[in-house]
Amino acid sequence: MNQQTNDDFQYSENLDNTSEDAQASEGNGASNLVLASASLPDRIFLLPSTSKPVFPGLVFPVMLNPGHGAELLKQVVSQVSERVVGVVLSRSQELDTSEPIEPEQLYRVGTAVRILKYQETDQGGVQALMQGEKRFQILKTASRQGALLAQVVYLEDTPAADEAESKPTSMAIIKTMRELMEHNPMYSEEIKAFLSRQNWDSPGRLADFAASMTSSDREELQEVLEIVNVQKRLEKVLYMLRKELDLNQLKERITKQIEEKISQQQREFFLREQLKAIKQELGMEKDEKTEEIEKYQTRMEELSLAEEARRRIEEEIDKLKVLTPQSPEYTVSRNYLDWLTGLPWGIHSEDVLEVGKARKVLDRDHYGLEDVKRRILEFIGVAKLKGGVEGSILCLVGPPGVGKTSLGKAVAEALGRKFFRFSLGGMRDEAEIKGHRRTYIGAMPGKVIQAVNNVELANPVIMLDEIDKVGKSFQGDPASALLEVLDPEQNCAFRDHYLDVAFDLSKILFIATANVPDTIPAPLLDRMEVIHLSGYIPEDKLFIAKRHLVPQLLKRHALKSSQLRFTDGALKKIIDGYARESGVRALEKSLSSCMRKVATEMAEDTLTTTPVSINQKKVEEYLGKPRFSDQALMKRLRPGVATGVAWTAQGGTILHVEAMEVRGGEKNIKLTGQLGDVMVESSHIAYSLVAGGRGWGIKPGFFENKTVHLHVPAGATPKDGPSAGITMATALVSLGRGQKIKSRLAMSGELTLTGRVLPVGGIREKVIAARRSKIKELILPAENEKDFLEIPERVRSGITPHYVYDIKQVLELAFPDGGGKGGKGRHT
């Protein structure tokens with residue numbers, strides 16, 4: 001606002017927007033705007049209020065901190081004889097009253113108040129006692145010495161036209177105020193004093209006082225201040241009082257409910273405490289702490305504890321006696337005792353070492369795997385002669401889905417022991433095995449002790465699943481922690497970090513599972529007896545599907561054998577075209593997919609006939625085109641292509657090696673297909689041997705001035721190992737001669753620079769893969785003959801093996817017209 005003289009005023013905005021009541025009175029000729037009286041000046045300084053407006057007739061104290069407001073009161077007291085100031089409500093509750101204000105920040109109707117008492121504080125603030133005099137409306141404002149000076153007109157109340165109209169409303173307000181006193185005694189004395197001294201000929205004052213006693217918001221109180229029509233003001237205030245009364249009644253009812261609930265709870269607590277004290281005096285009951293101590297002492301007497309464990313429990317009980325139940329250490333000590341006394345010290349189940357029963361259990365749940373079953377039965381037979389299975393750790397190694405976990409359960413059932421399984425896959429913290437020390441919050445024993453506690457026996461069968469996938473991090477090496485668990489010389493006194501006492505794990509039969517043994521640390525692998533599971537041939541899968549998978553899946557899909565059946569041809573098509581992996585998981589998924597589609601058709605009532613018989617045609621309708629095809633295998637055979645067999649973590653598989661000449665450039669070999677270092681070396685050996693000019697039926701100079709590209713599909717799968725050496729050499733000779741190799745022939749063997757064929761591993765898995773892919777002839781190193789003959793006859797039947805010593809024999813067997821000079825390999 002621009003600075004002006006005392007006599008020059010700036011008109012406040014929207015002066016014509018006076019209250020509705022004032023305008024109505026002016027229209028009727030009864031003006032409620034009067035000029036300043038002799039006692040109230042027409043120009044007054046404005047003091048903003050941020051909390052709520054001040055009403056005429058009320059006496060109230062004011063405390064102002066140092067700032068603009070305090071300086072304004074000092075100026076009024078020192079310069080204005082009437083000691084009158086105008087209190088006006090600010091439009092914003094966040095207004096800073098210590099700074100100069102603008103007219104736009106204030107409402108236009110306020111109350112003129114007289115300063116009755118005034119005192120300055122030591123800090124520069126002001127304490128004053130004021131009394132509201134009369135309503136006013138701002139006409140003009142001007143700034144004077146940093147304060148806001150206003151020219152005002154005072155508003156007179158417009159009385160009701162008939163006293164009979166306002167008196168009932170006034171009486172209702174008085175009655176409501178008396179009721180309010182009963183619910184909120186905070187204003188009782190003030191209300192009593194007001195009701196006793198006021199003249200009831202002034203209902204406007206009654207309305208003002210009643211409004212100031214409510215907890216209404218500041219805007220609603222400002223509305224009351226701006227109403228000059230007494231009857232309307234009374235009605236507005238009565239509504240506010242009734243709302244205030246309802247609010248107080250609700251608060252009182254809620255408070256009473258809470259107090260009653262608390263009183264009831266306190267009463268029940270006192271009664272329970274009294275009852276507990278009476279029972280303790282009569283010897284009928286003991287406190288919680290005494291009961292827990294006696295529980296631990298009873299457990300200790302019932303267990304066959306080692307001397308160290310007994311001494312530790314007694315020490316912990318003595319410590320628990322001196323601790324209060326509210327102490328944090330009490331909870332830690334109690335949890336520790338729960339674990340110590342809850343373990344099955346010296347509690348063992350009796351082993352059932354019957355080879356005949358074990359054979360029945362294994363044959364009931366598993367088809368095929370005769371060599372694995374035989375090894376397990378041998379293990380049980382030896383245990384029977386020894387009188388127990390102490391110190392035995394088995395490791396079942398095989399591709400996914402061949403039944404490693406279910407074999408572990410079968411062993412537990414055959415021995416009459418409880419079974420517990422936990423996975424080690426991805427475990428990176430050694431505390432998961434050996435527990436956390438008790439100094440940590442939330443500490444607990446490791447997985448092994450937890451397993452023993454869960455089965456409540458000291459000699460269960462514990463399966464350590466996925467032991468080949470144990471991780472390692474800054475938190476320790478779980479594989480190293482397992483050394484103590486699985487070492488028969490150490491686990492008789494296994495010391496968990498949490499328990500910190502020796503516990504005997506030697507009676508536990510540990511069975512680990514893994515897909516590949518290569519990633520198991522050598523010291524850990526040395527402590528286990530490895531049993532290899534190679535996988536299933538198609539005949540095994542057919543029997544498993546008919547005997548186990550189909551009945552289980554029918555039940556899982558809420559179907560009955562009378563509603564759905566698979567023909568043998570359909571099952572064979574699924575096994576041959578959709579599930580050629582070593583295990584049966586893909587077979588199970590394919591069967592589930594067929595059953596889901598049949599169940600959906602039944603739910604939609606679209607089936608025309610029941611029961612549903614799924615044949616070969618239906619299989620392709622439900623599962624789509626087969627993923628594997630013998631025709632596709634035959635189409636790949638062309639000059640430069642040879643078929644090998646390889647071992648993978650998922651079992652054996654067929655591997656195609658493709659060779660192609662790239663004319664131009666220098667003599668070289670190019671390799672693709674994500675080959676590992678060993679496989680790259682095998683390819684260089686094969687190239688050097690074949691391109692070295694020894695003949696092999698290849699035209700002279702074929703490999704000169706050209707690059708040979710050697711590729712092993714699939715390109716996205718990493719491959720490594722030495723067993724593809726003779727396959728790569730055969731592919732290069734096939735390319736050089738321009739001649740295809742025999743159909744349904746596969747090979748595996750390591751090749752040297754002199755042409756010797758060295759033995760390889762994974763023969764069983766490779767034979768099963770060849771059997772699944774309808775391979776008829778298999779070329780193997782001569783030193784692998786014993787491995788082939790160890791495979792059961794029903795697994796290797798239909799495959800003619802050829803045992804070779806050098807590459808010449810390989811080539812003679814691979815090509816229909818022989819591969820050059822040299823004797824043929826032996827075959828059986």
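The model is predicted. Its protein chain has 828 residues, of which 47% are buried. The secondary structure of the chain amounts to 28 helices and 27 strands. Among contacts with a separation of 6 or more, 75% join residues 24 or more positions apart.

The largest nonpolar core holds 54 residues. Within this core, L564, F566, L591 and I614 touch the most other members. The helix that gives the most to the core is α18, residues 538–556, with seven residues. For F566, once its neighbours within four places in sequence are set aside, the contacts are V550, L571, I574, L591, C594, M595 and I614. Another core lies apart from this one; it has 50 residues, including Y330, M427, A451 and L499.

Two packed helices are described by the angle between their axes and the distance between the axes. For helix α11 (residues 355–365) and helix α13 (residues 404–415), the axes come within 9 Å and cross at roughly 150°. Angles over 145 degrees count as roughly antiparallel, and α11 and α13 are therefore roughly antiparallel to each other. The crossing of α11 past α13 is right-handed. On the α11 side, the contact is made by K357, A358, V361, L362, R364 and D365; α13 supplies L407, A410, E413 and A414. Sorted by class, this contact has six nonpolar and four charged residues, and no polar ones.

How values were computed:
Residues are numbered from 1 along each chain as its sequence is written. This is a predicted model: local features need pLDDT of at least 70, side-chain atom pairs count only at pLDDT 80 or more; totals for chains, interfaces and linings use all residues. Side-chain values use heavy atoms; hydrogens and water are left out. Axes are lines fitted to C-alpha atoms, for helices over the stretch in contact, and angles run from 0 to 180 degrees between N-to-C directions. Helices (H or I, at least four residues) and strands (E, at least two) are DSSP runs, numbered from the N terminus. Angles under 35 degrees count as roughly parallel, over 145 as roughly antiparallel, 65 to 115 as roughly perpendicular and the rest as oblique. A crossing is left-handed if the near helix is turned anticlockwise from the far one by less than a right angle, and right-handed if clockwise. Contact means heavy atoms within 4.5 Å. Ala, Val, Leu, Ile, Met, Phe, Trp, Tyr, Cys and Pro count as nonpolar, Asp, Glu, Lys and Arg as charged, and the others, Gly among them, as polar. A nonpolar core is a set of buried Ala, Val, Leu, Ile, Met, Phe, Trp, Tyr and Cys residues joined through side-chain atoms within 4.5 Å. Buried means under 20% relative accessible area, exposed over 50%, partly exposed in between (1.4 Å probe, protein chains only).
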